[in-house]
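Please keep the structure open beside the text as you read.

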Amino acid sequence: MKMINFKQLLKDKNQLRLFFYDLIRFYLGIGLFLKGLQFMTQPKILEFWIKMTQISGFSKFLIYYVVFAHICGGLFLSIGIGTRLAAIAQIPVLLGAVFFVHSKEGLFTYSHNLEFTIFILFLLIIYIFSGAGRYSIDYFLKKEFSKKNT
């Protein structure tokens with residue numbers, strides 16, 4: 001991977017756009033990773049959210065899935081490896097949060113949980129369809145693989 005030349009990056013608007021696309025992916029991944037760590041270290045928070053869904057039969061499975069998806073998926077998103085798969089793994093978690101947990105709160109509440117969760121879901125869908133971006137391990141591996149095949 002070549003180093004980022006920030007002076008050149010600022011001159012070229014397309015490169016700047018691609019850089020910020022990857023910066024958002026990195027930030028999103030770190031946020032999901034940290035949320036997974038929070039759920040792992042403070043499981044009562046996640047248990048509370050899962051109890052609100054009234055799907056108690058799967059609670060242990062849901063706890064493990066949410067923590068695993070957020071920690072591994074967030075880490076993978078942040079470095080840009082397996083980006084589409086990492087984003088897909090987050091979708092059931094975020095859909096559950098939107099429809100079973102935060103929809104009861106409604107829009108425009110003090111905490112803005114529903115709006116924020118929908119925004120994260122929207123970003124994940126973008127990364128599912130668009131991929132990691134130029135500043136990612138996925139891009140580097142794809143480039144190296146295409147060099148070897150030509």
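## Rings, charges and core

At 26% relative accessibility, Y65 counts as partly exposed, where buried means under 20% relative accessible area, exposed over 50%, and partly exposed in between (1.4 Å probe, protein chains only). This is a predicted model, in which local features need pLDDT of at least 70 and side-chain atom pairs count only at pLDDT 80 or more, while totals for chains, interfaces and linings use all residues. Residues are numbered from 1 along each chain as its sequence is written, and side-chain values use heavy atoms, with hydrogens and water left out.

Y65 has a ring partner, F61, and the two form a stacked aromatic pair with 6.1 Å from centre to centre and 25 degrees between the planes. Rings of Phe, Tyr and Trp (its six-membered ring) pair if their centres lie within 6.5 Å; planes under 30 degrees apart count as stacked, over 60 as edge-to-face and the rest as tilted. F61 and Y65 sit four residues apart in helix α4, so about one helical turn separates them. F61 counts as exposed, at 55% relative accessibility.

The whole structure holds five aromatic pairs. In another of them, the planes of Y21 and Y127 meet at 40 degrees with ring centres 4.7 Å apart, so this pair is tilted. It links distant parts of the chain, with Y21 in helix α2 and Y127 in helix α6, 106 residues apart. Y127 is buried, with a relative accessible area of 2%. Elsewhere, ring pairs join F19, F20 and Y135 into a cluster.

Now for the overall layout. The chain's secondary structure comes to seven helices and zero strands, with helices (H or I, at least four residues) and strands (E, at least two) taken as DSSP runs numbered from the N terminus. Of the 150 residues, 33% count as buried. The chain exposes about 10100 Å², and carbon and sulfur atoms supply 72% of that area, computed by the Shrake-Rupley method with a 1.4 Å probe; for residues, only the protein chains shown count as cover. Among contacts (heavy atoms within 4.5 Å) between residues at least 6 apart in sequence, 70% join residues at least 24 apart.

Turning to charge, side chains of opposite charge can pair when their charged atoms come close. The structure holds two salt bridges, each a side-chain nitrogen of Lys or Arg within 4 Å of a carboxyl oxygen of Asp or Glu. Here they are together:

| Salt bridge | N to O distance |
|---|---|
| R25 and D22 | 2.6 Å |
| K44 and E47 | 3.7 Å |

R25 and D22 both lie in helix α2, three residues apart, about one turn of the helix. Both R25 and D22 are buried. K44 and E47 are likewise three residues apart, about one turn, in helix α3. K44 is exposed at 63% relative accessible area, whereas E47 is partly exposed at 23%.

Leaving out residues up to four places away in sequence, T83 touches R25, L77, Y127, G131, A132 and D138. T83 is buried, with a relative accessible area of 1%. The C-alpha atoms of T83 and I137 are 9.2 Å apart, although 54 residues separate the two along the chain.

Which residues touch the most other members of the largest nonpolar core? They are L28, L32, L46, L77, L94, I120 and L124, out of 24 residues in this core. A nonpolar core is a set of buried Ala, Val, Leu, Ile, Met, Phe, Trp, Tyr and Cys residues joined through side-chain atoms within 4.5 Å. Helices α2 (13–41), α3 (43–53), α4 (59–79), α5 (83–101) and α6 (113–130) each supply at least two residues of this core. The largest share, seven residues, comes from α6.

Beyond residues up to four places away in sequence, L32 touches H70, I71, G74, L77, Q90, I120 and L124. A polar atom of the Q90 side chain lies 2.4 Å from the backbone oxygen of A69. Apart from neighbours within four places in sequence, Q90 is in contact with L32, A69, H70, G73, G74 and L124.

Notes: A polar contact is a pair of N or O atoms within 3.5 Å; within protein, one must be able to donate a hydrogen and the other to accept it, and residues adjacent in sequence count only if both atoms are side-chain atoms.
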